[in-house]
Amino acid sequence: MAATTMPLTSSTGLGGSSNSSRKSSEFENETLPCRTAPNLCGCVACRGGSNRGSKDTALLSLAAFNLRDRDITSKSDPMAVVYAKKIDGKLDELGRTEVVLNSLNPTWIEKVTVAFQFEIMQPFVFHVYDIDTKYYNVPVKTLKLEDQDFLGEATCVLSEIVTKQSRSLTLNLHGKSGHTGLRNLGVLTIHAEELVASRSAVEITLRCSYLDNKDLFSKSDPFLRVSRIVESGGSIPICKTEVVNNNLNPTWKPLCLSMQQFGSKDNPLIIECFDFNSSGNHVLIGKLQKSVADLEKLHKGRSGANLILTSHHGHEKILKGQLFVDQFCEKEQYSFLDYISSGFELNFMVAIDFTASNGNPRNPDSLHYIDPSGRLNSYQKAIIDVGEVIQFYDSDKRFPAWGFGGRTSDGTISHCFNLNGNAGGFEVEGVEGIMTAYASALHNVALAGPTLFGQVINTAAQTAGQSLSYNSNKYFVLLIITDGVLTDLQETKDALVKASDLPLSILIVGVGGADFGQMEVLDADNGQRLESSTGRVATHDIVQFVSMRDVHGGRISVVQALLEELPGQFLTYMRRRDIKPRPLHVAQTSG
Amino acid sequence: MFSTASRTLEITVISGEDIRNKRKPVKKNVFAVIRTDSQPLCRTETDKDGGSYPYWNEKHNVDIPVHARFITVEVQCKTSVGDKTLGMATIPVSDFVGGFVPQSYLHFLSYRLRDSNGERNGIINVSVKAKVPEYAASSCSSATTIGVPFGKTSCYGGVVPGVPVGVPIMKQYYQG
């Protein structure tokens, strides 16, 4: 767990405009703030805020029922311990409840805090112990668990809990792994609630006037950086604006600050105005200190606040330049979990590359070689890794599965055929169903070519588009696994641009040793929006590419890198359309 | 014969990105005009302070002829010597009508603008929603009644020859 929490914190938290949110907060290390933000529109949703949504933290409450009685004269005195199971199988303790005295049906009050990470499986193990009377005055944290009576254990992954509309999951307790036994050890109920300080956020449009000129031959290129003053005295940058070129009276695009970023409305913020320099040595034009409440006052009074520049001698000089707040609005921002637990779903779809460049599947060095020893090839690994994370968000677990670039049994080359070989339907049951369909397709389909994604993307887009007539709570995720270089890049771009306004994200996994340079183009992380041959531009980035090779052996799994942006893309779609999570009571009655 | 039939669109001209005038970022006073068949449908206010990233977010209800295949967006700039067109984009109607999505789906669309020489010049962001009239939801036959009254006299001469001769109802019309 410890190893995997790192990418989350680095990619959330800080980050103002969606473009800069990926970068570290210290601009000295990065190339530049966004000049051409890939934000489609002025609408609040896609402009501001951290694109990853909020950092979701869940509080686990535990209760048990019908525990075994280990005490002779009285009932058990149970305590529960929560562990995260790491990839190597080791358990990492996350927290303990208090000890409930003399009860076989305890409801523990002490909650355990866990960080929710969409992009990884988060298996948890729960142990319940009967605490011996002689330890009553010992703090629970210091209790030696091996001295206590073991009452049972249970296992689940966090997504299983948060996708339940009740956010509760009840598990049978069983003995320590290995000996299950027939005895009934009772049940454990885990309830997860999201720990959200507040969903509120403010959107502000800032403008400056009469800024000092710092450039020799032209005017300053100003941008703003907002930092929050923390209790220890320092400050943490929370967001920054884009650069407005050659302008001493700039108006920046609206900034969206979440409560998590600015703390409270009275927490002082430092707003610094810099002159952008491509060398990275941005020159401070001036700064001021205002809380969110102060900014609201400036907006109401339509008044400006003067920037200040501190000289080398510590002398504060009040500048002519002023900061204005042209727009100030408070709003609510829902998190990914808010949507998921109110019944929104991710629908998983898969497309597999059957082009000849993979090599003959009977040959052990083929990328499609199915090892009789059970070792998974790259395709199988990608299906399992991505599938097992996403399946929890798909209630019927019926996954469309296609192949492309293969010669099917009727002798024609198809760029989108049903993986199960069934002409009637492309859906298969569960991740296991994908694996079976994949293996059988390798027998029935001859590898051919060329490599074209267009048809697969169009079919997925059609599925996503048609679902809108029945539901607005489904979001589709297409996983394309490929070994190669696209035969027609523009064809793929056209299909992607056309699909970019649908509830659809596309994950591409590259396997094998080919040059995947063009895939990076499709994944518009460089800020260049995809453009179709007819001049339409992608509404927003829906593609995420990762090569098995690049992350192989690294600490971040392929899947994690691949799935990291998915909650953000989901939120971009929902917020742009102002689709809100359904109120919980409605969701509960319908579910 | 349905040339006068039209469909209503709710177009929101949201914003422009990186709009340039002779390769230099525009300072101010950018507005957008939407046309179909060179007929202006609507124009936005002039954006005073957005510079080369104008932001309008203006919603307009416009009617376009049913046969129209394209609408165009022109981004113009007010200058001392009059309005100057900086860039234009052609939006196929098929981008927001038809397809697999529900008829009244709100489409967020972006297009590359090109100047009169065909050079790339910024991006225009719009949203388009086709207003679904009640009759379209109920049946298609009632839709035709919208078109017929207009075309009654002028069109029949052109249309009838294609229709099997000898249908009594047609005869009635001729006599009448």
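Predicted model: local features only at pLDDT ≥ 70, side-chain atom pairs only at ≥ 80, totals over all residues.

Reader: Let's start in chain B: which side chain does Glu74(B) meet in a salt bridge?
Author: Arg35(B), with an N to O distance of 2.9 Å. By salt bridge I mean a side-chain nitrogen of Lys or Arg within 4 Å of a carboxyl oxygen of Asp or Glu.

Reader: Which parts of the chain does that pair tie together?
Author: Glu74(B) sits in strand S7 (residues 70-79) of chain B and Arg35(B) in strand S4 (residues 30-36) of chain B, so parts 39 residues apart in sequence are tied together. Helices (H or I, at least four residues) and strands (E, at least two) are DSSP runs, numbered from the N terminus.

Reader: And is Glu74(B) buried or exposed?
Author: Buried, at 11% relative accessible area. The cut-offs are under 20% for buried and over 50% for exposed, with partly exposed in between (1.4 Å probe, protein chains only).

Reader: Good. How many salt bridges are there over all chains?
Author: The search of the whole structure gives 22. One of them joins Glu330(A) and Lys265(A), at 3.1 Å from N to O.

Reader: Where do those two sit?
Author: In distant parts of the chain, 65 residues apart. Glu330(A) is in strand S16 (residues 316-332) of chain A, and Lys265(A) is in the loop between helix H4 (259-262) and strand S13 (268-275) of chain A. Glu330(A) counts as partly exposed, at 46% relative accessibility, and Lys265(A) does too, at 25%.

Reader: What about Glu345(A), which side chain does it meet?
Author: Lys474(A), in a salt bridge of 3.7 Å, N to O. Glu345(A) is in strand S17 (residues 345-353) of chain A and Lys474(A) in strand S24 (residues 474-482) of chain A, so this pair ties together parts 129 residues apart in sequence. Glu345(A) is buried at 14% relative accessible area, and Lys474(A) is buried at 18%.

Reader: Which strands does S9(A) pair with?
Author: S16(A) is one, running antiparallel to S9(A) and joined by 10 bridges. Strand S12 (residues 255-258) of chain A is another, also antiparallel, with four bridges. Pairing here takes at least two DSSP bridges between two strands. As for individual partners, Ser200(A) has Glu332(A) in S16(A), and Ala201(A) has Ser258(A) in S12(A).

Reader: OK, now the interface. How many residues are in contact between chain B and chain A?
Author: 22 residues of chain B touch 29 of chain A, with contact meaning heavy atoms within 4.5 Å. The buried area is about 2,200 Å², and carbon and sulfur atoms give 52% of that. That area is the accessible area (1.4 Å probe) that the two parts lose on being put together, summed over both.

Reader: How many salt bridges cross the interface?
Author: The rule finds three. Among them, Arg112(B) and Glu531(A) meet at 3.0 Å, N to O.

Reader: Which strands of chain B supply residues to that side?
Author: S1 (6-17), S9 (107-114) and S10 (120-130) of chain B each supply at least two. S9(B) gives the most, with seven residues.

Reader: Which strand of chain A pairs with S9(B)?
Author: Strand S26 (residues 536-537) of chain A, in the antiparallel sense over two bridges. There, Val537(A) stands opposite Ser110(B).

Methods: Residues numbered from 1 in each chain as written. Chains lettered and ligands numbered in written order. Heavy atoms only, no water.
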